[in-house]
Amino acid sequence: PSYHCSAMEPADMAGLLDVLAEQRDVLRGVSDEVWGHPEENFQEVHAHRVLTSALAALGFTVTPNFIHPTGFKAEVQIGSTGSEKCVHVCCISEYDALPGIGHACGHNLIAVCGVMVGLLLKRCLESLDREVPGSVLPVKVTVLGTPAEEGGGGKVKMIEEGFFRDVDLAVMAHPSPYNIVKCSFLAIQDLRITFRGSAAHAAMAPWKGVNALDAAVTCYSSISHLRQQFKPDWRVHGVFTKGGDKPNIIPAEAELLYYIRCLDQADMPGLVERVRECARAAALATGCSVQLTPEMLP
């Protein structure tokens, strides 16, 4: 078949701006609702309800609880539904928040941008198909709700489940203080480091204890000392997630959580191993055992 293809004319752009003006309150409402009810990874129940309700009202066929309990997909197909292969465009929404500081990463905006781009693409293609029936290449537009971006790897399971196999183009917007024409992205591997020793009374019999917190502090310091030899695009940052219960009890368990990042994924195995070596050395120095647990794939 012969399909219509042309550059967007000023009148077309004006039409899309009219759509935004028409749906301004809906889009702003979605953003405000997600912003006002921050939910951490895999707990985005309110955001899931707000987004799926809005997309259904905008004419999408919505599948809630898609792959994850708080994931969703909202689809529409434009153009011929014959045997031709559809072009599949996926507009991604994220909507989980950070612990303690809410939507500091702007996922409320990422969420509404996915809805907005999906809506504009839908309206634009529907308009072209009405003007010249049969002239639009068959297109399926999906707004995909991907939970757990801030840890948890929500998209990873969606990839493993095969959703993206027939996606020709996936798009997403991320807020920034300035415009970025060409983005770079860091590979990430997280690592949970758990030290185990022996509890003892810190005043009466400290020699009977094996201090897991000392191991964690030693590990943290050792990793920090590595940074002088890091490449400029390597990033390693961590926090203490467990360090004991009371000052007069030598901690039997202490824990660190690290994010390890680099621009070139080929650097990742070597960088991760250097961090692991710091943990093993700290365990050896303090007499503790250590458990190293990666929690997401790089």
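Predicted model: local features only at pLDDT ≥ 70, side-chain atom pairs only at ≥ 80, totals over all residues.

Modeller: Residues are numbered from 1 along each chain as its sequence is written, and side-chain values use heavy atoms, with hydrogens and water left out.

Biologist: Okay, what makes E7 and E8 a pair?

Modeller: Two strands pair if DSSP finds at least two bridges between them. Seven bridges join E7 to E8 (residues 253-262), so by that definition they pair.

Biologist: Why are E7 and E9 called edge strands?

Modeller: The open sheet has four strands in the order E7-E8-E6-E9, with antiparallel pairing. E7 (235-242) and E9 (289-294) each pair on one side only. From one strand to the next, the twist averages 20°.

Biologist: How many bridges does E6 make with E8 and with E9?

Modeller: E6 and E8 pair in the antiparallel sense over 10 bridges, and Thr-194 stands opposite Glu-255 in E8. Six bridges join E6 to E9, also antiparallel; there, Arg-196 has Ser-289 as its bridge partner.

Biologist: Why is E6 described as largely enclosed?

Modeller: Because nine of its 10 residues are buried. Buried means under 20% relative accessible area, exposed is over 50%, and partly exposed is in between (1.4 Å probe, protein chains only).

Biologist: What lies across that sheet?

Modeller: Helix H6 (residues 212-226) lies across E6 (187-196), E7 and E8, at about 20° to E8. Helix H7 (residues 268-286) lies across E6, E7, E8 and E9, at about 10° to E6. For those angles, axes are lines fitted to C-alpha atoms, for helices over the stretch in contact, and values run from 0 to 180 degrees between N-to-C directions. Contact means heavy atoms within 4.5 Å.

Biologist: What is the strand order in the five-strand sheet?

Modeller: That open sheet goes E1-E2-E4-E3-E5, with mixed pairing. E1 (61-64) and E5 are the edge strands, each pairing on one side only. Four bridges join E1 to E2 (residues 72-78), which run antiparallel, and Thr-61 is partnered with Glu-75 in E2. Helix H3 (residues 45-57) lies across E1, E2 and E4 (139-145), running at about 15° to E2. Helix H4 (residues 107-131) packs on the sheet too, touching E2, E3 (87-93), E4 and E5; its direction makes about 150° with that of E3.

Biologist: How do you know that Gln-23 is buried?

Modeller: Its relative accessible area is 11%, so Gln-23 counts as buried. Gln-23 is found in the loop between H1 (10-22) and H2 (24-36). Not counting residues up to four places away in sequence, Gln-23 touches Leu-58, Leu-119 and Arg-123.

Biologist: And why is Gly-162 called buried?

Modeller: Gly-162 has 15% relative accessibility, so the label applies. Gly-162 is in the loop between H5 (154-160) and E5 (169-171). Its C-alpha atom is separated by 23 Å from that of Ala-173, 11 residues apart along the chain.

Definitions and conventions. Helix = DSSP H or I, 4+ residues; strand = E, 2+ residues; numbered from the N terminus.
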